[in-house]
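Trainee: I'm new to this one and would like to learn how to read it. Could you walk me through it?

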Amino acid sequence: MTCRELADFIMSYLTGDLAPEVRAEFERHLTLCGNCRSYLATYQAAVELSRRALADPAAGEDGEVPEELVKAILDARRR
Amino acid sequence: MRPQPEGSAPGRDTLPGMGPRSGRRGSDAASDEDAALLAELRAGDERAFEMLVRTHSAHLLAVARRFVRNDEDARDAVQDAFLSAFRALDRFEGGCRLSTWLHRIVVNACLMRLRTRRRKPEQPIDDLLPTYKPDGHHTAVFVDWSPSAHDALERTETRALVSACIQQLPESYRTALLLRDIEGLELDEIGRLLDVTPNAVKIRVHRARQALRTLLDPHFRQESRP
């Protein structure tokens, strides 16, 4: 298995959907290739970072709501 | 009043194509506070409507901005979402919290906007994907910055950085990533929402994750240096 092929299989590997023989090849490549170990670790980190960053109410996303939006919503309801 | 889009019938606690997040149904049931507010809303209490809007708008606007980027579209999506919710109050069964129900409605409203508005050609994602030598090895050398990245998430600026990098993703890839990794939807559900095959969704999500990794790399690689 090449690095390119491993990268293509990452998502299936993480969800446990690889056929046993392919999984074995995937894991064998990881034992031999430090670069792919780093790539996989940072791929997983990117996924986890996005989940934690956007799931956090204090992430800085939730700011003040424009008063005109509140008014527009309530006015539209009354129409 | 704009017609309700087919396939998005708020009022059911789970929208078509957006099943409940697995394992959370029991703990996500409507609270006593929700039940009291719902009764006031159904009775037409104006203060209840205002409370609902003021309580939830900030979060819903933040969610909308993740999907539609343009602030005007985000506000319109939030307005659409509340109006849809107001029309569907009698059909809300309390199987989830009001906040969860509203969240699902605004995501659906954003997807409707993305489907119907005219889009500029999307920037290609190829520049953000890994490259390979003819023998299949990566051209780049990677550094495992994952341990320091998780620690860095304690800082507000790090969370803002991650959010900003997600915003840089091309729209169709960002949407797929948000639906899968943030909203927690299954590939087939996402496929129905986006009108593509589950395999196409899988490829988009994977490429979006790879692109996000590329965007985050220079920031966290720097942080990981001793």
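Trainee: What pattern does chain B follow, read along the sequence?

Mentor: Read that way, chain B goes α-α-α-α-α-α-α-α-α. That comes to nine helices and zero strands. Helices here are DSSP runs of H or I with at least four residues, strands are E runs of at least two, and both are numbered from the N terminus. A word on the ground rules: this is a predicted model, where local features need pLDDT of at least 70 and side-chain atom pairs count only at pLDDT 80 or more, while totals for chains, interfaces and linings use all residues. Residues are numbered from 1 along each chain as its sequence is written, chains are lettered from A and ligands numbered from 1 in the order written, and side-chain values use heavy atoms, with hydrogens and water left out.

Trainee: And how many helices and strands does chain A have?

Mentor: Chain A has four helices and zero strands, in the pattern α-α-α-α.

Trainee: What share of each chain is buried?

Mentor: Buried means under 20% relative accessible area, exposed means over 50%, and partly exposed is in between, using a 1.4 Å probe and protein chains only. Of the 226 residues in chain B, 50% are buried. For the 79 residues of chain A, the figure is 46%.

Trainee: How do I read the contacts within a chain?

Mentor: A contact means heavy atoms within 4.5 Å. Take the contacts in chain B between residues at least 6 apart in sequence: 76% of them join residues at least 24 apart. In chain A, residues 24 or more positions apart account for 42% of the contacts with a separation of 6 or more.

Trainee: Which residues does B:R209 contact?

Mentor: Start with its place: B:R209 sits in helix α9 of chain B, residues 198-224. B:R209 is buried, with a relative accessible area of 7%. Setting aside neighbours within four places in sequence, B:R209 contacts A:M11, A:Y43, A:A46, A:V47 and A:R51, along with B:L177, B:R180 and B:D181.

Trainee: Is B:D73 buried or exposed?

Mentor: B:D73 is buried, at a relative accessible area of 14%. You'll find B:D73 in helix α3 of chain B, residues 71-87. Not counting residues up to four places away in sequence, B:D73 touches B:V68, B:R113 and B:R117.

Trainee: How do I describe two helices packed together?

Mentor: You give the angle between their axes and the distance between the axes. Axes are lines fitted to C-alpha atoms, for helices over the stretch in contact, and the angles run from 0 to 180 degrees between N-to-C directions. Here, helix α4 of chain A (residues 67-78) packs with α3(B) at about 35 degrees, with the axes 10 Å apart. On the α4(A) side the contact is made by A:E68, A:L69, A:A72, A:I73, A:A76 and A:R77, and on the α3(B) side by B:R75, B:V78, B:Q79, B:F82, B:L83 and B:F86.

Trainee: Why don't B:C96 and B:C110 form a bond?

Mentor: A disulfide is a covalent bond between the sulfur atoms of two cysteines. The rule used is a pair of cysteine sulfur atoms within 2.5 Å. The sulfur of B:C96 has its closest cysteine sulfur in B:C110, but they are 17 Å apart, too far for a bond. By this rule there are zero disulfides over all chains. B:C96 is buried at 3% relative accessible area, and B:C110 is buried at 0%.
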